[in-house]
Amino acid sequence: MDNTIYDFDAAILTHIPAELHVERANFHIVDDYSQELRTTIQDIYNAPDFFHGLHLIEGVKESWQAMIDAGYDPRILSAPVSSNSMSIEGKRAALERDMVPEFGPSILDDARFDKDKWKYDGVALFDDRPTVGVNPESGEAPWEHILYGWAHLSEVPMSRAAFRLLSWYNSKDTIRILDTVQDLRSV
């Protein structure tokens, strides 16, 4: 959810002077900044209402609808932020505000908040995390990881994902990738 359908970084960067912004190179935004800014950044995303105020990334609703229209069953699978005890509540509130009015309450009913994403079935997992955990016993996950974002990098060296979606702007790209993954899974 964070930096996949909601703009986590933008919500932080609005509180930091523009001249101090740096290009992202690490998964955790705090790792891209000096020690003095790290505390500020952590305070921002650990604020109880931080997740309530996140804004959808442009194109999310259109791609979500395109997935439904193509016969897919998109669902939310998001890791809680362990340092923010209100992260799940805030994520649910953001979904209720932005997605439920258009797609119905099943968005919340089907949403899962768990760091162990490998426990949940699906065709694909769109995630901005360059490496996503797999079942520790089998070394596999029931879905294909599709790396989302990182458009400023031509490649993300820390990622093992075979597929990549740079943005939600063109829902045809989303469906093309899902169809490719589905075709490979059925072989």
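## A look around the predicted fold

Of the 187 residues in the chain, 42% are buried. Here, buried stands for under 20% relative accessible area, exposed for over 50%, and partly exposed for the values in between, with a 1.4 Å probe and protein chains only. Please keep in mind that this is a predicted model: local features need pLDDT of at least 70, side-chain atom pairs count only at pLDDT 80 or more, and totals for chains, interfaces and linings use all residues. Numbering starts from 1 along each chain as its sequence is written, and side-chain values use heavy atoms, leaving out hydrogens and water.

**Overall picture**

The chain holds 7 helices and 5 strands. Both kinds of element are DSSP runs numbered from the N terminus: helices are H or I runs of at least four residues, and strands are E runs of at least two. Starting at the N terminus, the order is α-α-α-β-α-α-α-β-β-β-β-α.

The C-alpha trace spans about 50 × 40 × 35 Å along its principal axes.

**The core and W168**

The largest nonpolar core has 44 residues, and the members that touch the most other members are I12, F50, L95 and W168. Such a core is a set of buried Ala, Val, Leu, Ile, Met, Phe, Trp, Tyr and Cys residues joined through side-chain atoms within 4.5 Å. In soluble globular proteins, nonpolar side chains tend to be buried together.

**Helix α3**

Three of those partners lead us to helix α3. In α3 (residues 60-69), the buried residues are V60, S63, W64, A66 and M67. They line one face of the helix, because seen down the axis of α3 they fall within an arc of 160 degrees. The arc is that of the directions from the helix axis to the C-beta atoms. E62 and D69 are exposed on the other side of α3. Cover for the buried residues of α3 includes α5 (100-103), α6 (106-110), β3 (124-127) and α7 (171-185). Just after α3, G71 has a positive phi of about 95 degrees.

**The strands around β4**

Strand β4 (residues 144-148) is mostly covered, with 4 of its 5 residues buried. On one hand, β4 pairs with β3 in the parallel sense over 4 bridges, and H145 in β4 is the bridge partner of L125. On the other, 3 bridges join β4 to β5 (residues 163-165), again running parallel, with Y148 opposite L165 in β5. Two strands count as paired if DSSP finds at least two bridges between them.

**Loops and the N-terminal segment**

D128 sits in the loop between β3 and β4 and counts as buried at 9% relative accessibility. Apart from residues up to four places away in sequence, D128 touches D2, N3, T4, F27, L147, Y148 and W150. One of these, N3, is in the segment before α1. N3 is buried, with a relative accessible area of 14%, and has a positive phi of about 65 degrees although it is not a glycine.

Y169, in the loop between β5 and α7, has a relative accessible area of 59%. E19, in the loop between α1 (8-13) and α2 (35-45), reaches 67%.

| Residue pair | Separation along the chain | C-alpha separation |
|---|---|---|
| Y169 and K61 | 108 residues | 10.0 Å |
| D128 and H28 | 100 residues | 10 Å |
| E19 and D179 | 160 residues | 42 Å |

Terms used
Contact = heavy atoms within 4.5 Å.
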